[in-house]
Amino acid sequence: MVPSITARYVRYPNPPVCIQGAPVPVRLLREITGMNSGKIPGICYSKRARRKQKNQYMRSQILLFSAGLMLLAACNSRSGESTNTDLPNIVILLADDLGYGDLSCYGGTARTPNLDQLAREGMRFTDFYAAAPNCSPSRVGLLTGRSPSMVGMYNYLAENHPMHLPAEEITIAEILQEKGYACGHFGKWHVSCLPQNPELNQPQPHDQGFDHSLGTGNNAQPSHLDPVNFVRNGQELGKVAGYSCDIVVEEAINWMDTLPADPSPFLMYVAFHEPHKKVASPPDLTAQYGEFPKADAEYFANIENMDRAIGRLLQTLQDKGLDENTLILFASDNGSYRNGSNGPLLGGKSFVYEGGIRVPGILRWKGRIEGGQTVSEPAGLIDIMPTICELSGQSHPRTNTLDGTSLVPLINGQTLERTRPLSWFFYRTSPEIAMRIGDYTILGRDLDTTRHTHPTTQPDMDYIKSMDLEDFELYNLTHDIGQQQNIDYTSLDMGKQYRQQLVDRLQDIQAKGPYWENLPPATGNQKLKSEWRKLHPEGFSN
């Protein structure tokens, strides 16, 4: 059979072109053949092209055979270079809607002994940031190292929605696959439809570099207990017994058991559903928080249950002798929806105030990162891609598009020099945009009275491209972590420059962020920005 590929969505020919049992990416085939543009013979890009394949069959076979010889020669010529044993395993543990003040090691109520130990053995960040104040955009920032709005993920991904992480975006898994990493995804996906919807035809985890995937398109349904919407490598599983955090950790452990015995490195992306609603927690853990209202007790127990699952995963790494050369990151995708879970920070999930974007951040790498550190240098999920590129020695083909900065200097005990300030954008709350510059954060607000639906619609897309910033807030986070003292930016020497940087960032998003067509119309419930998410909710926010 002639290898084929749908160019927009798949980066590996399907069925794959294999040399010594390993699938060869289209990008590598281009490098080998010198065909940096246009269509590679033998690779099908459309239905019309498929009809021409029979005439190209012999030429494609000769080309691929030649490519294989060239690749083998290249491998032999590099036999004296560093091997995969020099590369660290990478484990990313991502909580869902966990607040800055939820973990014990951040002053929280939930008992989290395993994460507390992880913090003691590595570095605990006081100023770690999600890539966005809500779910899908933040995950896109983690996976790509790019501002989610520059990729076109302006909001959470609603069911059957055309917005998604485009196939042409390069993920951390694709970068690491080029260095021989095995890459596994476990848990919440939420950057494209899952399972595949033929009408949408959006990239799936295996199209974005993951060899193995067990996940859900969005939240665990109907709750964390006995979810019914897990998908393993494209196959729907139906009801799976147990709690979601245990299901994804068990799958990750089993996947590790299938990896080759040789010391090839791996990427493990474990995206927990906890403690996102709808919460379900073990009764024995919930009972231990009996002094709290039921909803709070279940919330705290939910976090503790996730910590237990993380403990099992960490113990497995140790038992397999893998924990010494494994870089582990723990963070949350955004702030919490629960009032009181974001510590002293203003706001929560969906806000670009600190409560919506500042999250717990823990980094451990035994033997490389000195334990017991508390780091106040601002860092975030957006920095993971450039960090992985530097650690793996695999350059990003479009480095100039990355918005993050490598954290390797911090890992090595050196000063971090950030060239692009951290920034966040979300059109459905107010202020809509924020930027962290040194000790300061500046926020911009559009004083509009537009009513928005919860998912992104076509009018929202037009609004994003045309909105203006009319009011600004400036805070010194070193002295005012709760953002209670708004500084007149004109009174600060650099204030006008900060304002211009923020305006420029919005204009950059408007000029370069993708414009999604054929979005749904604005129907159903429409609210003002102040109505969708309350800044000071009582108990749990909407």
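**Close-up A. Lys512 and Asp508 sit four residues apart in helix 15, about one turn of the helix.** The model is predicted. The two side chains form a salt bridge, with an N to O distance of 3.2 Å. Lys512 is exposed, at 56% relative accessible area. Asp508 is partly exposed, at 21%.

**Close-up B. Arg505 also forms a salt bridge with Asp508.** Here the closest N and O atoms are 3.4 Å apart. Both residues belong to helix 15, which spans residues 495-512.

**Close-up C. A network of salt bridges links Asp403, Arg420, Arg505, Asp508 and Lys512.**

**Close-up D. Asp284 and Arg308 are joined by a salt bridge.** Their closest N and O atoms are 3.8 Å apart. The pair links distant parts of the chain, 24 residues apart. Asp284 lies in helix 9 (residues 283-287), and Arg308 lies in helix 10 (residues 294-319). Asp284 is partly exposed, with 42% relative accessible area. Arg308 is partly exposed as well, at 36%.

**Overview. The structure holds 26 salt bridges.** Among them are the contacts of Asp508 with Lys512 and with Arg505, and the contact of Asp284 with Arg308.

Definitions and conventions:
Residues numbered from 1 in each chain as written. Predicted model: local features only at pLDDT ≥ 70, side-chain atom pairs only at ≥ 80, totals over all residues. Heavy atoms only, no water. Salt bridge = Lys/Arg side-chain N within 4 Å of Asp/Glu carboxyl O. Helix = DSSP H or I, 4+ residues; strand = E, 2+ residues; numbered from the N terminus. Buried < 20%, exposed > 50% of the residue type's maximum accessible area, 1.4 Å probe, protein only.
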